[in-house]
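Trainee: I am new to this structure and would like to learn how to read it. Could you take me through some features, one by one?

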Amino acid sequence: MADEKKLAAYICKGCGLGDRLDTPQLMTIAEREGKCQVVKEHDFLCSAEGVAMIRADIESDGVTHVAICACSRRAKVEAFNFNNVAVSRGNLREGVIWSQPDTEERREVTQEMADDYVRMACAEIKAMRVPEPNPNHGSNKRILIVGGGISGMTAALESAKAGYEVLLVEKTGVLGGWAAKLYKRVPDVEPFDGPVDTGIDALIDVVNGNSKISVHLNSTLSRTSGAPGQFSVDISQESGATITENIGAIIQASGSEVFDATKLDNLGYGKSPDVIDQVQLEELAKAANGGAIKRPSDGKEVTSVAFVQCAGQRNPFDDNMLDYCSGHCCNTAMKQAMYFKDANPEVDTNILYHDLRTPGNGEDFYRSAQQKGVTFTKGFVKDVVVNGSLNVNFKDAILDEVTSMEADLVVLATGQVPNSGVDIEAAAAPVEDEKGDEQTVAAKEEGVSVLNLTYRQGKDLPHLSHGFADSHFICFPYESRRTGIYPCGPVRRPMDISQAIEDATGAALKAIQAVENAELGRAAHPRSGDLSFPSFRKEGCTQCKRCTVECPFGAIDEDEERYPQFNEGRCRRCGTCMGACPVRVISFDNYSVETVGSQLKAVDVPDEFEEKPRVLVLACENDAYPALDMAGMNRREYSAFVRVIPVRCLGSVNTIWVSDAMNSGYDAVLLMGCKRGDEYQCHFVKGSEIAHTRMSKIGDTLEQLNLEAERVQTFEIAITDVDRVPQLIDEAVKMVDEIGMSPFKF
Amino acid sequence: MSNSNAAMVEKYRNNFLKEVEANVEEGDWVKMCMQCGVCAGSCPLGNAWDHPPQEIFMMIRAGKREDVLTSDSMWMCTSCYNCIVRCPRELPITHIMHGLANYAHRLGIAPKMNPTRRFAKIFWDNVTKTGRANELKLSISLYFMDGIVAGIKQGLEMLPMGLDMLKTKRLDPMCLISHTGIKDTKGLHAMLKKAREIEDKRKGLAS
Amino acid sequence: MAKEYSFYPGCSSERKASAVNYMTSVESMCKTLDVKLNEIPDWNCCGASIGYAEGGELPRHSLNARNIALSEKNNPGQDIVATCAACWLGTKETHERLSKSDQLLADTKEALKEAGLDMDYKGEVNIRHMVEVLIEDFGYDELGKPVKKPLEGIKIAGYVGCQTNRPFGVDGESFENPKYLDKLVETMGAEPVEKYDQKVTCCGGALAFSEPEKSQNQIKKIIESAYDHGAEMIVTPCPVCQLNVEVYQGMINKKYGTKFKMPVTYYSQLMAVAYGHNAKESGLDGNIVRATQLEEIACK
Amino acid sequence: MTDVVATNETILVVGGGISGMTAAIEAAECGKNIILLEKSPALGGRVSQLYKYFPKLCFPTCGLEINQRRMKANQRITVLTMAQVEKIEGETGNYNATVKIASRYVNENCTACGACSETVEAEIDNPFNYNMNKIKAAYLPHNMAHPQRYVIDPSIIGTADADKAKEACNYGAIDLDMQEETLNLNVGAIIWATGWKPYDAAKIQPYGYDRYDNVITSVEFERMMDKFGPTGGKLLRPSDGKEAKNIAFIQCAGSRDRNHLTHCSRICCMASLKQATYISEQYGEDAEDAKATIYYIDIRAIDRFEDFFKMVRDKKTVEFVKSKVANIVENQENGNPILHGVNTEGYHRYANEHDLVVLAIGMEPNANIGEVTSGVSTDASGFIQVHEDNGGIFGAGCASNALDVNRAVQNSTASALRAIQVVNKVSGAEA
């Protein structure tokens, strides 16, 4: 059906469009130039009546492609939401009359703007196909969980409770993870006054007893391939046997390891058996089981204990130490001090801290610890001297003196180290010389992979700072860079049990969402619900691999013939591959080199004597375009010589658009994307960055056309740049004024 | 009385916090301090404190018994209660300061010459003698605290004030000879004696 | 129908004591408001804020408990009302402490037995400051009604001080910026200096005797700010505040070369005058720094 | 008359802030039907009033844009603004919620053309800017307002202004006779995402928020940085409109305090660290006279936020003082707040004068669930606890704990699944 097109254009006269613009002329343009079979205008297009008119044309008149020439694509979305038709929006309101002064001298150029936006809207639908769901989508809904700790078990149980089959793989011989090693845990409901049972045994029983959950102990993943709804994994068992399973989505709850305390010999670790970390203290507490805790060296009952916080943590100055804070240690130390106090109030328990970090109701827990006689000292521990007794030397920050305390036992609050597998970026890092090469090989082998993905881009999830497999985003903690694979628990960021439980439950929802979307062949966040997917013409492909390298989500592998192999289920529809392709064989039904290219060509470029320059803006739909909208809403004026085309991501910008623009006589092209670099705000990770690199290379092309380099510029735009974007546009026009019009006008 | 000091040192060897919790008025609140320092900043005579309350609490935990009990910081408390109402942990700081001062005083290791300590004693003796304050005697004994000469000097300095008070009939010379206190002084004294006994017993102080 | 209270005057309110003029004005004020004050027979000193050092804990509480016991015995069912901040605070503190600790209560009763009062202590009374009585049992409107001679045109700074304000304070008032004195001043037809920013600064209390320099430094701030904000007079609810802020002005002037001559009055004096009592009845003769403006109105 | 289709397979989400939107969208993208209630005229909640997020210093409206696009594209979500729950009855899988919808006086015909606002003269306090400036009584709540629809303030109903607004509208969007409505919704599960409110700063008397113009709260400070805020994006202090350069941040303003909120509000340390960067953003990294001083008890930059703490600590323009400020007095001459206190790291007494004081104000839950139904477990601070007694009602975001945005979203996503489990049971899908 995508082939029998029937194009329709609708011109709205509301919101002052009718008064400011010559709409009959717009209709003529849509008809003559836009080649629309149906062209109608309406006083109030978004009204029930107006929308009904359009629906009628779709249902009874067979309209398949609709160009709405009214307000911005961000306005009245619900009203113009038609299923199974291709829709484009000509932005005549925010983009034209609201950004142009209502004056006589500007009337002509304002009309030209509107004319062009109508041409563009028509050209766009002409090049569009109505997207249909991805045909080779998978519909397996089973959820694989990697890791049998509290996070993994919670994720398993919560998924099962929602009615989904679960496969849980645990590398050790038992479920429970770290939580099972604890004597008691910090409370997460009232009263927050003392250690409570972990409840881990009960949880293990429930998991084992749940018919929807099948548990594989002593097992690891030796291969993971496929896509949401159709993953295939090899599970290697201790026995050596390997079984292959099909699943729909993956939750990586591979947890954390404890920091290697042997690096802390200055704190006496390794020098005395009575200097231990928090995990070892839990073992002692378990052994004592409510009775007096005995010290390892001689089994003597502990009468005094010093807790040294931030041991090997919060230390950016030493590469062997952790930069970050593990978050739970303050509460854990208090809990452990209470072990002693509850057994025998006479035991001296002192916690040496830098900043006491007990957010939320942890503050009650803190007070309770003080109530029980746990003492707190803001102090910086220099070292722990072992000579028969243990002497903790520290600077007392309050009394402002270097002093020391003696203790039977010293407990070091060492931190959590994520078990996030191989650092694929480090592994893939380019190497200069032989030596370097060896190093990278070493780096590649360093660390055991958790997922063993067969993805071209590497075996595991990309790491972020400090090796955590976290999402980069604040508002989207589950925006994983491998669609359908969701990390949760301390592999994502340091966290305590309560947060791990919340996190695992959230990850379970995302996994469920992934399989449900996969079945419908739809995109996941951020373009949720998008049915389009990339397809490519094998004939034209030169196997340059740019698409496979640049895909931010590792969605593209290579087949045995080394052609790109698209895993649509893993694709997030950003179009970076399309932008990367030098031979332009990659496209989406509703977004392609054609849909944008034809728009910019549709623009009527006046010859140079008219002294009406044309500046093309390719604007990221998430930041720059909304900023322009809001500029209009707030009546910020900018040059009428600009023509704006929204793009899914600057990563999708193919350089051909720029050279086409130049060839068709535009005087400047501005690319407006979001923030790049370490603190990038691009939801397609590197789109903005890639575009920047590509454009820096386009200089040569311009030279060939002997055009000034400044005619093509890239900007980082934030959605709040409501004043800045108009400025940039005006500056560009001014720049053209100075260097002169493009010679390529016909 | 310093023998009781020795006794306490013996009894609570290097656990000053426990000693304070047991023997000092409201002492069991000390452990609840979180070192925010709002009390230190709230004290009207703050500048006069060698160690502000929050620091004293830290010193107690650190076992600095001598430094705390011989300090005259607590004696700078004017009982304005600013610290109490602002403390985010609701420590009765004013009372703890009073308690520490009193405890040091009872152990006989409070700073001998601290004027507030001495005035406090004079005041207490004055009011408990007859059951009511005799302001004239009070001021006179206050001036002669440091002996006749200093007393006369002080007295002269204060003379204009004294005269003002006399003029406005807010001071009565007759009080020197005929101050009427309460009727049941006998009962009062017995009561106070008993109270002191009980308190000393509780705190293991030899009276 | 008169309101009756069990009255605890305190040492400073005694005949020819430092706050005798406070007492005088309170009596006149109560006369107008038809308040009957039944003095607690044979009441004793509260020990004051300085009592802790020599007195310790239990003896101090015994002193106050004795007064409470005497009140409960002789003025049953009546709230204890004190005019002195220290008396009020000391008694209220003991009352609270004993109600919280059975140990302390038992010990105190054992001590009271020596004074033959152990059976009389029940701890069921309310301990209130006269200001509370005025605000809560009457209210500003009621207090305004008997005003015969509004104190027009006098700018008065309400100096609340510490102990009527902290730690208990007057219900509904803030510790940092209590407004009741301003409201009383307004009710009496005078002009409150609302921006006065030293209204809760400590005057040094008992340390005025033992640490004169430090205290006078405080007092200086209190008076200076009053002048800075255009006050012509300071009003206070506390005898210690009144005494300290008034009598040391001379010495401060000597030491700092200031020219302080700021009258410091009691709220009850303002009220007595406004209610039409003469200067003597209003205790104005007791002010070392003459409150001339009040005297003029009182003579009218 | 609003007509809403709801069944006991529908999930009701109460609160249209980041938490409520997240819960609604995530559940809807799992194929569930959602009714999302918001009591104000537009979605977005408190995050839409923030200038930047910590630790990335990115703009909340960026994520809001994505969430709104997801929502507009999703026909499974019904949004009801100006709506509040009055009563909840029933049990897990079958609740009846009574919902009151206040009159907006503007119907769905509104095209947000702004004609009404241009004609109306009356102005009202602007709630979006914490009443620090005024807006027309016919207004669009803010630039990102969704639904993008104007509101007529009740205060002008019955006045000439209102009639002028009505005449100005060419689309019959203004209905001055619009009546308050009450709906009864039958739903299977309820997500309570009513968020938080800043603790009443006036109650912290020693800091004189009610007495001194130049003592403001962190949420107000946040609005100052916004180009569309009350000061047009400049740090101008209220007393005299002068640029505030030497700014104090007081931590635990209302939090960790038995006289106020006993819990730690978690976000305030990070918020102040973030706001300290605003100063160098406005005046430059090396500005001689621009300075942030942070008065704290403990800096609670937990887990990876430590990196942010370090970044701020290394700035020349930022200083840290370990001290809970005792009180603030005002310099009579210039209106500068003077902070009194003691730096407890070695006992240093200070009386520091600043241009402006920002109170890192505590987070008070806005849960008030007890008012509409009984049996939902809340802690002493009023946060909704995870508890089996809660049945099919789940707290989400800051109604459930003092959370930063990231954790609030995490928690809301979890709550969405808990609600889905309930409605799946109803539909038998989980069997």
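Mentor: Gladly! Let us begin with a helix: in H11(C), the residues C:Pro239, C:Cys241, C:Gln242, C:Leu243, C:Asn244, C:Val245, C:Glu246 and C:Val247 are buried. Keep in mind that this is a predicted model, where local features need pLDDT of at least 70 and side-chain atom pairs count only at pLDDT 80 or more, while totals for chains, interfaces and linings use all residues. Residues are numbered from 1 along each chain as its sequence is written, chains are lettered from A and ligands numbered from 1 in the order in which they are written, and side-chain values use heavy atoms, with hydrogens and water left out.

Trainee: What do "buried" and "helix" mean here?

Mentor: Buried means under 20% relative accessible area, exposed over 50%, and partly exposed in between (1.4 Å probe, protein chains only). Helices (H or I, at least four residues) and strands (E, at least two) are DSSP runs, numbered from the N terminus. Helix H11 of chain C spans residues 239-247, and eight of its nine residues are buried, so the rest of the structure largely encloses it.

Trainee: Which residues is C:Ser215 in contact with, beyond its neighbours within four places in sequence?

Mentor: A contact means heavy atoms within 4.5 Å. By that rule, and with those neighbours set aside, C:Ser215 touches C:Cys203, C:Gly204, C:Leu207 and C:Ala208. C:Ser215 sits in helix H10 (residues 212-228) of chain C and is buried, at a relative accessible area of 1%. A polar atom of its side chain lies 3.3 Å from the backbone nitrogen of C:Ala208.

Trainee: How should I read a salt bridge?

Mentor: Look for a side-chain nitrogen of Lys or Arg within 4 Å of a carboxyl oxygen of Asp or Glu. Over all chains, the structure holds 120 of them. One joins A:Lys6 and A:Asp61, with the closest N and O atoms 2.8 Å apart. A:Lys6 is in the segment before strand E1 (7-12) of chain A and A:Asp61 in helix H3 (residues 48-61), so the pair ties together parts 55 residues apart in sequence.

Trainee: Which two chains have the most contacts between them?

Mentor: Among the five pairs of chains that touch, that is chains A and D. The contact takes 84 residues from chain D and 95 residues from chain A. Buried area is the accessible area (1.4 Å probe) that two parts lose on being put together, summed over both; here it is about 7,600 Å², 51% of it on carbon and sulfur atoms. The rule finds 11 salt bridges across this interface, including one between A:Glu621 and D:Arg69, whose closest N and O atoms are 3.8 Å apart. On the side of chain D that touches chain A, the largest share, 14 residues, comes from H8(D).

Trainee: How far apart are the closest C-alpha atoms of chain A and chain C?

Mentor: They lie 18 Å apart, and no contact joins these two chains.

Methods
A polar contact is a pair of N or O atoms within 3.5 Å; within protein, one must be able to donate a hydrogen and the other to accept it, and residues adjacent in sequence count only if both atoms are side-chain atoms.
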